[in-house]
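Dear colleague,

Please find below the structure that I am handing over to you.

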Amino acid sequence: MENSTSFSRKDNNDGHSGPESSSSSVSHTVDTKSDGEEASGPSDSEMSLPQAIEDIDLLIQRLSATKAVDYELPPSEVPKSVEFLYDAVDSMVTKYENKENPPRLGTNQDDDVSFFDSMNRITKLVKYFNKFPSYSILSLSLNKATVILHRAMSFLEDEYRTILEISKRRVLQQKTPKTLKQMTSSESDRCMLPEPECKEEELDFPSFSPEAIETLNKISTVMIASGYERECCLIYSALRRNAFNDELSELGFDNISFDEVQRIQWESLEGDIATWINAFKHCYVILFSAERSLTDTVFSDHRQVSRKMFSDLAAAVVVRFLNFSHAVVMTKRSSEKLFKFLDMYETMRDLIPHINDSYSSECKLDLIEEVAMAKTRIAEAAMSIFCELENSIKKDQGRVPVPSGQVHPLTRYTMNYLKYAIEYKDTLEQVFKQVRDTDGSGGSKPNTTTTINTTVNHHHDDGGSDKSQFSIQLTTVMDLLDANLDMKSKLYRDPALRYIFLMNNGRYILQKIKCTTEIRELMGANWCRKRSTDLRQYHKNYQRETWSRVLQSMSPEGLLVNGKVVKPLLKERFKNFNSLFEEIHRTQSTWVVSDEQLQSELRVSISAVVIPAYRCFLGRFKQHLESGRQYEKYIKYQPEDIETFIEELFDGNPVSMQKRR
């Protein structure tokens, strides 16, 4: 009778044997039998898969309790249940492969449960068998297990890929033909984008059925446990990136190279930027959340793998968006690009809070740094563009005055630009602060920083240290505009027209500021009061330059000599009045005051000064000319006529007083 070490099942009172505690033998059972005796346990023909799994579970339980030193004592035989399991799995794979239409998993739940249960046992057996010496009897069994395992993994890889690809095709079939690019092609200057909402129709991404996700989870679990983690992750990563790229294409965001961005006309690039913003927000508000949920479920037993898979995918997508932003920032800068740049800055700013603990720590830090750098580049570009407004005002040195004293195009452009810019007040405040903070660490561009520092220091000297940097910059722009307009007013030879020009532009600026609460608050009440005071002074100066001579012509001084009216002198006074008034009417009816309120104020103030004086002068002296010849030659107008003619001033339409008469 000989002793043999085996993994065979040994019946006891319970029908099962537990792990033995003897240190002199491997913790699996040792059967002693005589020649001709049969080992306990069913034959191959009598064994079923559940029985084999039951036996193997007991074997695995004993192996798990085996001490390291005991693995030096190899067994003399391999249990029949192990060989049975190998053959069963091999048959299952053959049966699956013979099915015509993939995916082949998921059509029979019971078969799938048996297959994955069997695979889990083989994986554990391989793990423990590898601990025994390579010369043992287990080496042949281990080789067979490895072959079976490799064949099963090849099948599972194909299934894995098929399920992922079928889901992608289903997503593409569900999409409507209208893309985000088509929807945003008519966006206005301000990219007023609604925050993405998780609507039911948007949650079709990533469009996996619960059954498909469960199958993916089982495949991932068994592949990783079997040592095929790299293959599993490569397939999942590649196909999910492809799915994400397809989703972005459906949103209208396609890969555009750096050189292509540089060549695109700004009008077209505006649409691409609007699409970029929508797609980016859609990603980090909706798609990333859905993708993270999917990855966590597929790799539910391997949190570290799940986190890395999602982090790598999200990082690749984000970097693609950042590459586009970098290309846009490198295009030639111009004032109309400011608002799209600020839209992009806001998108970057809002992304960072979404980079949370769902990302691996290394990826999280790297991604935040990448986004922060991209945000800084956009901030510097936006700051440079805004500061360029100062240079454009300084460079506007045109020597041809605007006809009729109208509002200068520079005034309209600057105020409308500021009106749009103030919609981004909070963002611009952040941009100015970020650029200045970056400058403090030596990272800002010299030309931008110099402008900011000079401006800030200037206003600190004026006691404006409590103002925000954007407020200071805004004040600087307004000061430069004032100085430029004052220079342009001197191009008019007629002093009266000079003041009309200053009133037109001053009123336009003041109205724009009063109608925009944010600008009014930034400029402050003192600034607005000073502006109103300046306008009143321009008004007084205009009246003095234009109407003082008219009033002087109606002076009674010198008309009476020894109590009698000197008619020749009286006639000269009336002629002088007529001549001055007609010249003013002829000239100033062509001037333009576009603000209706200012136009009305000017006419009312003129009438209040001229008409009472004329009515008094006419009433006092017309009787001295009524009896003479050519009465109408001297007294050509009645007070009502004067009032009518005053109402024709500043309309921009020359009217002949002779024709009117």
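**A buried lysine and its surroundings**

Lys 488 is in contact with Asp 396, Gln 397, Gly 398, His 408 and Phe 501, once its neighbours within four places in sequence are set aside. Please bear in mind throughout that this is a predicted model. Lys 488 belongs to helix 16, which comprises residues 469-489. Its relative accessibility is 3%, and Lys 488 therefore counts as buried, the cut-off being under 20%.

**The chain as a whole**

The protein chain contains 25 helices and four strands. It has 661 residues, of which 47% count as buried. Among the contacts in the chain with a separation of 6 or more, 81% are between residues 24 or more positions apart.

**Two helix pairs**

Two packed pairs of helices may be of interest to you. In one of them, helix 19 (residues 525-553) packs with helix 20 (residues 567-588) at an angle of about 155°, and their axes are 7 Å apart. Angles over 145 degrees count as roughly antiparallel, so this term applies to helix 19 and helix 20. Helix 19 contributes Tyr 542, Thr 546, Trp 547, Arg 549, Val 550 and Ser 553 to the contact, while helix 20 contributes Arg 573, Asn 576, Phe 577, Leu 580, Phe 581, Ile 584 and Gln 588. By class, seven residues of this contact are nonpolar, four are polar and two are charged.

The other pair consists of helix 21 (residues 596-621) and helix 24 (residues 639-646), whose axes are 9 Å apart and which pack at an angle of about 160°. Helix 21 and helix 24 are therefore also described as roughly antiparallel to each other. The crossing of helix 21 with helix 24 is right-handed. On the side of helix 21, the residues that take part are Arg 603, Ile 606, Ser 607, Val 610, Ile 611, Tyr 614, Arg 615 and Leu 618. They meet Pro 639, Glu 640, Ile 642, Glu 643 and Ile 646 of helix 24. The contact of helix 21 with helix 24 is made up of eight nonpolar residues, one polar residue and four charged residues.

**Helix 6**

Helix 6 covers residues 210-225, and its 16 residues should span 22 Å at 1.5 Å a residue; the end C-alpha atoms lie 23 Å apart, so the two values agree. The buried residues in helix 6 include Ala 212, Ile 213, Thr 215, Leu 216 and Asn 217. Also buried there are Ile 219, Ser 220, Val 222, Met 223 and Ile 224. Just after helix 6 comes Gly 227, which has a positive phi of about 90°.

Most residues other than glycine have a negative phi. Which value does phi take at Ser 404? It is near 65°, a positive value in a residue other than glycine. Ser 404 is placed in the loop between helix 12 (361-395) and helix 13 (409-422). With a relative accessible area of 21%, Ser 404 is partly exposed.

Phe 650 likewise has a positive phi, near 65°, and is a residue other than glycine. Its place is in the loop between helix 24 and helix 25 (657-660). Is Phe 650 buried or exposed? At 1% relative accessibility, Phe 650 counts as buried.

Yours sincerely

Methods. Residues are numbered from 1 along each chain as its sequence is written. This is a predicted model: local features need pLDDT of at least 70, side-chain atom pairs count only at pLDDT 80 or more; totals for chains, interfaces and linings use all residues. Side-chain values use heavy atoms; hydrogens and water are left out. Axes are lines fitted to C-alpha atoms, for helices over the stretch in contact, and angles run from 0 to 180 degrees between N-to-C directions. Angles under 35 degrees count as roughly parallel, over 145 as roughly antiparallel, 65 to 115 as roughly perpendicular and the rest as oblique. A crossing is left-handed if the near helix is turned anticlockwise from the far one by less than a right angle, and right-handed if clockwise. Contact means heavy atoms within 4.5 Å. Ala, Val, Leu, Ile, Met, Phe, Trp, Tyr, Cys and Pro count as nonpolar, Asp, Glu, Lys and Arg as charged, and the others, Gly among them, as polar. Buried means under 20% relative accessible area, exposed over 50%, partly exposed in between (1.4 Å probe, protein chains only). The expected span of a helix is 1.5 Å times one less than its number of residues.
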